[in-house]
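Here is a briefing on one structure. Please look through the sequence and the model before reading on.

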Amino acid sequence: MPCLKVLTNLPNSKIPKDFVNKIVPVLSKTVRKPEQNFMVVISGECPLSFGGVSTEYGAVASIESIGNLGPDVNKVITKEVTDFISRELGIKPDNFFLTFYDLAAYNVARNGETIG
């Protein structure tokens, strides 16, 4: 159950309504998991500063997955997700920060049960 969480200072009105659906194929391709397994959340209008500058649009994001993350694949995911964020939200790449969390299955639950 991979999950992408995005926090941004963009006004909600500037976040495309279909953003959460449009990014899923990008994530599925790069993280190598089925589209139906992904969860995506984006929250706009968050106070946000990059290097003490809060007047430019930016975003902070994290990707959590059970496996399929690592030094080489994270580089590919970073490029694809950064390009998508820049294209769809108009956020400059240097104002986008992405972290990765490779989770153990026993630390993830859905439908009242842990995955592993």
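Which backbone oxygen does the side chain of Thr 82 reach? The side chain of Thr 82 reaches the backbone oxygen of Thr 78, at 2.7 Å. This is a predicted model: local features need pLDDT of at least 70, side-chain atom pairs count only at pLDDT 80 or more, and totals for chains, interfaces and linings use all residues. Residues are numbered from 1 along each chain as its sequence is written, and side-chain values use heavy atoms, with hydrogens and water left out.

**Thr 82**

- Thr 82 lies in helix α3, residues 71-89. Helices (H or I, at least four residues) and strands (E, at least two) are DSSP runs, numbered from the N terminus.
- Its relative accessible area is 14%, so Thr 82 is buried. Buried means under 20% relative accessible area, exposed over 50%, and partly exposed in between (1.4 Å probe, protein chains only).
- Neighbours within four places in sequence aside, Thr 82 is in contact with Pro 93 and Phe 96. Contact means heavy atoms within 4.5 Å.

**Helix α3**

- α3 has 19 residues and reaches 26 Å from its first C-alpha to its last. That is close to the 27 Å expected at 1.5 Å a residue. The expected span is 1.5 Å times one less than the number of residues.
- The buried residues of α3 are Val 73, Asn 74, Ile 77, Val 81, Thr 82, Phe 84, Ile 85, Glu 88 and Leu 89. They cover an arc of only 165° around the axis, which puts them on the same side of α3. The arc is that of the directions from the helix axis to the C-beta atoms.
- Asp 72, Lys 75, Lys 79 and Arg 87 are exposed on the other side of α3.
- The cover over the buried residues of α3 includes α1 (19-22), α2, β2 (39-43), β3 and β4.
- Gly 90 follows α3, and its phi is positive, near 75°.

**Nonpolar core**

- The largest nonpolar core has 25 residues. A nonpolar core is a set of buried Ala, Val, Leu, Ile, Met, Phe, Trp, Tyr and Cys residues joined through side-chain atoms within 4.5 Å.
- Phe 19, Ile 63, Val 81, Leu 89 and Phe 96 have the most contacts inside this core.
- Two or more residues each come from β1, α2, β3, α3 and β4 (96-102). The largest share, 6 residues, comes from α3.
- Val 81 is in contact with Leu 27, Ile 63, Phe 96 and Leu 98, leaving aside neighbours within four places in sequence.

**Salt bridges**

- The count comes to 6 salt bridges. A salt bridge is a side-chain nitrogen of Lys or Arg within 4 Å of a carboxyl oxygen of Asp or Glu.
- Lys 5 and Glu 64 meet in one of them, at 3.1 Å, N to O. The pair links distant parts of the chain: Lys 5 is in strand β1 (residues 3-8) and Glu 64 in strand β3 (residues 59-65), 59 residues apart. Lys 5 is partly exposed, at 36% relative accessible area.
- Lys 29 and Glu 80 meet in another, at 3.7 Å, N to O. Lys 29 lies in helix α2 (residues 24-31) and Glu 80 in helix α3, so the pair ties together parts that are 51 residues apart in sequence. Lys 29 is exposed, at 57%, whereas Glu 80 is partly exposed, at 27%.
- Lys 79 and Asp 83 pair at 2.7 Å, N to O, in a salt bridge. Both lie in α3, 4 residues apart, about one turn of the helix.
- Lys 22, Arg 87 and Glu 88 are linked in a network of salt bridges.

How values were computed. A polar contact is a pair of N or O atoms within 3.5 Å; within protein, one must be able to donate a hydrogen and the other to accept it, and residues adjacent in sequence count only if both atoms are side-chain atoms.
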